[in-house]
Amino acid sequence: MSAGGIRPARTFQKAAKVTLANAQMRRNLRHATTTIREKRLRAVAELPDWEALRGEGADLKDFAMANLGDLLLDLEAAVTSRGGQVHWARDAEEAREIVARIATSHGAREVIKVKSISTDEIELNAALERHGVHAVETDLAELIVQLAEDRPSHILVPAIHRNRAEIRDLFRRRLGAELLTDDPKALAEAARVYLRGKFLTTKVAVSGANFAVAESGTVCVVESEGNGRMCVTMPDVLVTVMGIEKVLPTWQDVAVFLRLLPRSSTAERMNPYTSFWSGVREGDGPREFHLVLLDGGRTEVLADEVGRQTLRCIRCSACLNVCPVYERAGGHAYGSVYPGPIGAILTPQLLHLEDANANTLPWASSLCGACYDACPVRIDIPEVLLYLRGRINEEKPLNAEAVAFRSAAWVMSEPHRFEGAIKLARTGQGPLVRDGAIHALPGLLGGWTDSRDLPAFPRQSFREWWRTRPAPTERPDDGNAGLGEGELLAPEREDTR
Amino acid sequence: MRIDLFITCLNDALFPRTGEATARLLERLGHEVTFDENQTCCGQMHVNSGYRREALPLVRRFVDTFRDADVVVAPSGSCVGMVRDLYPRVAEWEGDHALLEDVRAVLPKVFELSEFLVRHLGVEDVGAYYPHRVTYHQTCHAMRVLRVGDAPLRLLSNVRGLNLVELPAVDQCCGFGGTFSVKNADTSTAMLADKVASVMSTGAEACTAGDNSCLMHIGGGLSRLRSGTRVVHLAEILASTEHEVYA
């Protein structure tokens, strides 16, 4: 199975049908997401200025996006002046080749990796493998996914769909670990023994980046385990693959995001390891540093006035954890390294709205809005979902669904047509109605009646009733008229908004 | 006060009793209620399904129908959410500036029933009587788009005879989502299964909410399972008295 990528192999509907039936995954996910959900609410409630902070995060990202070209050039200049090298990659292909060239030029047969979604996005591991270079994931969850030849199913917790018993079996099989229990400490120790050997012997490391500071050329990685810190300090050569939207103007800006990110992602006040590096330094850390700036469709997203807010994303995964669709369908249903609500808007946009499978993702939402409330940079995901649905529909050739919606709009645009349609439905439903409800419908509407009944159209519509009802004054008074009248507030509507 | 009802197309066609209850309730509180027959549908189904251009005539119709209204009240969180939250964006995205201006003029007059009663009229006790065990589902659009908060609960807690039981995981979507329920029927059903289980765990006779679209979904699941638990719109509970039973 592929290690990542953003091109779904099938539609969300088809993929979800499979994942929904995975009882183990459903249970693991429900447990994990409900736990982190409650923890996040508590962590966020500790900060009285959380809403202001969210606004600041959104504004800073918008500013960075509006000045992206200049900031990236500043970043390049700062990194270069500190002894680093900057590479520009238009797409995944270019980024992969750059990293592979650097690795092979050092004769590396193996590289160690910091947890990074950007390298999963460009399917770096498979590309390196083709060049005879094996990439070793050092993040515990990424390692689990890699050893299981699985795909990540969560931005922050790539192995969220697996439980401890499964991991124990995996480590016994793939690492030769003599694990008798599935105690988390024992599992972590088995991984530690394996990874320490890699840290001490591998010469080239690859990372992603959470932030980069344009004014100083500083790159930042935020993590929990310390394995990332090992990767960015011990090898001789460090290559960082970073989406161009990660750049921030100044050091102060990073502070805002270091308050927003940990509370939103792991529900911690501060994450355990935050590594910063600026170019290279004699006698300290890697002797060679390469920064690969990846576009990969981002410039096009930036050009879209509604869609561009997607690029504010700091990959915290709060939207996944609160999403009722993600909780049930799981990350794999999205077919991309970016799952959940953010994936449903990011994946199709990165693919220029040209990938038919990815274009089903904006419909993978009931529009409940929980993602928007949780987003630390206020990406209005429901808005972007609706907007993308519209854009995708516009590009489709005329189809039965579009005809149905156009007809419905035509019917609804005149009251007499609407009333006629109700009467027609009332007559036509006859054979379908049993005990006042409809239990089976043909075609697409069968998707409803497969699991739910539908009420039958009643004998009278509201407007029919309204016409025949006695005028209010002619009706018997029930003694309650006017109740609460004394409590009426002045009807000044302006004040209520 | 003269109140224009926006009854919504779903209530008009499938749930007229909710409309009757809304009219009766507002009249009982001493208001003059009118229903303009020019109204049809807010266009939510079209916009949510990605057919916003097709929705434009419906937005236009809504704005024209209620242009001269003092106050418009609808027994539906999602339809009012559509008007308040999405009308301006649809007009903007489609570049219809005249429509945008008209939308902005009518918006401040449009209210969801529970927010209108509690926030606008300041009424929490509407004199209702409903002697049943009831649980309340907080619909997503009422909660996250309109931010009605505890307005429905305040109203329910003042209904005489009513035994209000808390719904577990009340903030979780029921999985309806308009066409989501048929386009992604499997995922939607998985969400519905949990909602139905929550409702049934309360031992309530009825599940109520301020939106018949969500209730149609939850009720469709409860009915399919022959659970014996029914759904009833908030307006029908609030309209019910010792003399008149609406649900």
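Me: Helices are DSSP runs of H or I with at least four residues, strands are runs of E with at least two, and both are numbered from the N terminus. How many helices and strands are in the secondary structure of chain A?

Reply: The model is predicted: local features need pLDDT of at least 70, side-chain atom pairs count only at pLDDT 80 or more, and totals for chains, interfaces and linings use all residues. Residues are numbered from 1 along each chain as its sequence is written, while chains are lettered from A and ligands numbered from 1 in the order in which they are written. For chain A the secondary structure comes to 22 helices and 13 strands.

Me: What percentage of the residues in chain A is buried?

Reply: A residue is buried if 20 or more other C-beta atoms, placed from the backbone, lie within 10 Å of its own; 12 or fewer make it exposed, and counts in between partly exposed. Chain A has 497 residues, and the buried share is 49%.

Me: How far apart are the centres of the two domains of chain A?

Reply: Domain bounds come from an automatic or database domain assignment. For chain A, that assignment gives domain 1 as 49-300 and domain 2 as 405-470. Along the principal axes, the C-alpha atoms of chain A fill a box of roughly 95 × 50 × 45 Å. Taken over C-alpha atoms, the separation of the centres of domain 1 and domain 2 of chain A is 55 Å.

Me: How many residues of domain 2 of chain B are in contact with domain 1 of chain B?

Reply: In chain B the assignment gives domain 1 (2-120) and domain 2 (133-239), and their centres are 22 Å apart over C-alpha atoms. Two residues are in contact if their C-beta atoms, placed from the backbone, lie within 7 Å. Domain 1 of chain B brings 27 residues to the contact, and the number from domain 2 of chain B is 22.

Me: Which helix gives the largest share of the side of chain B that touches chain A?

Reply: The contact between the chains takes 67 residues from chain A and 74 from chain B. The side of chain B divides into 31 nonpolar, 26 polar and 17 charged residues, where Ala, Val, Leu, Ile, Met, Phe, Trp, Tyr, Cys and Pro count as nonpolar, Asp, Glu, Lys and Arg as charged, and the others, Gly among them, as polar. The largest share of that side, eight residues, comes from α11(B).

Me: How are α1(A) and α11(B) oriented to each other?

Reply: Axes are lines fitted to C-alpha atoms, for helices over the stretch in contact, and angles run from 0 to 180 degrees between N-to-C directions. Under 35 degrees is roughly parallel, over 145 roughly antiparallel, 65 to 115 roughly perpendicular, and the rest oblique. Helix α1 (residues 12-20) of chain A packs on helix α11 (residues 185-201) of chain B with axes 8 Å apart and an angle of about 40°. The two helices, α1(A) and α11(B), are therefore oblique.

Me: What is the handedness of the crossing of α4(B) and α5(B)?

Reply: Helix α4 (residues 52-65) and helix α5 (residues 77-93) of chain B pack at about 120°, with axes 10 Å apart. That makes α4(B) oblique to α5(B). A crossing is left-handed if the near helix is turned anticlockwise from the far one by less than a right angle, and right-handed if clockwise. The crossing of α4(B) and α5(B) is left-handed.

Me: How many charged residues are in the contact of α4(B) with α5(B)?

Reply: From α4(B) come B:Arg52, B:Ala55, B:Val59 and B:Phe62, which meet B:Val83, B:Tyr87, B:Val90, B:Ala91 and B:Trp93 in α5(B). By class there are eight nonpolar residues and no polar ones, and the charged count is one.

Me: How many of the residues of α7(B) are buried?

Reply: The cover over the buried residues of α7(B) includes α2 (16-28), β3 (71-74), β4 (110-112), α9 (151-157) and α13 (234-239) of chain B. Among the buried residues are B:Leu113, B:Phe116 and B:Leu117. Helix α7 (residues 113-120) of chain B has eight residues, and the number buried is seven.

Me: What is the C-alpha separation of A:Leu350 and A:Val301?

Reply: A:Leu350 lies in helix α16 (residues 340-350) of chain A and is buried, with 25 other C-beta atoms within 10 Å. Leaving out residues up to four places away in sequence, A:Leu350 touches A:Ile6, A:Gly296, A:Gly297 and A:Val301. A:Leu350 and A:Val301 are 49 residues apart along the chain, and their C-alpha atoms are separated by 6.9 Å.
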